[in-house]
Amino acid sequence: AAAPKTVIVDIPVGTAVPGCEETDECFAPPHITINAGDTVEWVNIDTAAHTVTGGSPADGPSGVFDSSLLMASGNYAFTFDEAGSYDYFCMVHPWMVGSVSVN
């Protein structure tokens, strides 16, 4: 089995303003596939504060993971131990959505 790895997902500059959802670029990359035991690290390169919250804008937080407010240059890491599909969004800017698929 491969050693656990960390995958970086950027929170791009300008995502606090609607528009990134039209091109699915609110998180970069917006959809990733990893293996159980891998870690995803979100890095806020925007000037605005964001969250990385498990769940969806329609259904609300799932409770699986939540970064709380990530200030500019902040980062948040979560290790996915269970296989499955995990949607996430920014509670401050709910048009920002992404997903993690865990094998």
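From the N terminus on, the elements of the chain run β-β-β-β-β-β-β-β, a secondary structure of zero helices and eight strands. Strands (E, at least two residues) and helices (H or I, at least four residues) are DSSP runs numbered from the N terminus. The radius of gyration is 13 Å, close to the 13 Å that the globule rule gives for 103 residues, so the chain is as compact as a globular protein of that length. This radius is taken over C-alpha atoms, and the globule rule is 2.2 Å times the number of residues to the power 0.38.

The model is predicted: local features need pLDDT of at least 70, side-chain atom pairs count only at pLDDT 80 or more, and totals for chains, interfaces and linings use all residues. Residues are numbered from 1 along each chain as its sequence is written, and side-chain values use heavy atoms, with hydrogens and water left out.

Along the principal axes, the C-alpha atoms fill a box of roughly 40 × 30 × 25 Å. Among contacts (heavy atoms within 4.5 Å) between residues at least 6 apart in sequence, 63% join residues at least 24 apart.

**Strand pairing**

Two strands pair if DSSP finds at least two bridges between them. The table lists pairs of strands with their sense and bridges.

| Strands | Sense | Bridges | Residues opposite each other |
|---|---|---|---|
| S3 and S6 | antiparallel | five bridges | valine 43 and asparagine 75 |
| S4 and S5 | antiparallel | three bridges | serine 56 and glycine 60 |
| S4 and S7 | antiparallel | two bridges | threonine 53 and phenylalanine 89 |

S4 (residues 53–56) and S5 (residues 60–66) form a hairpin with three residues between them. Within S4, Thr53 and Gly55 point one way while Gly54 and Ser56 point the other way, and all are buried.

**Threonine 51 and its surroundings**

Threonine 51 lies in the loop between S3 (39–44) and S4. This residue is buried, with a relative accessible area of 6%. Its side chain makes a polar contact of 2.9 Å with the side chain of threonine 53. Such a contact is a pair of N or O atoms within 3.5 Å; within protein, one must be able to donate a hydrogen and the other to accept it, and residues adjacent in sequence count only if both atoms are side-chain atoms. A polar atom of the threonine 51 side chain also lies 2.8 Å from the backbone nitrogen of methionine 91. Leaving aside neighbours within four places in sequence, the contacts of threonine 51 include Phe27, Asp66, Leu69 and Phe89.

**Nonpolar core**

A nonpolar core is a set of buried Ala, Val, Leu, Ile, Met, Phe, Trp, Tyr and Cys residues joined through side-chain atoms within 4.5 Å. The largest has 21 residues, of which Phe27, Trp42, Val52, Phe80 and Val100 touch the most other members. Two or more residues come from each of S1 (6–11), S2 (31–34), S3, S7 and S8 (97–102), and S1 gives the most, with three residues. Not counting residues up to four places away in sequence, tryptophan 42 touches residues including Val9, Phe27, Val52, Phe80 and Val100.

**Glycine 19**

Glycine 19 is found in the loop between S1 and S2 and is partly exposed, with a relative accessible area of 28%.

Conventions:
Buried means under 20% relative accessible area, exposed over 50%, partly exposed in between (1.4 Å probe, protein chains only).
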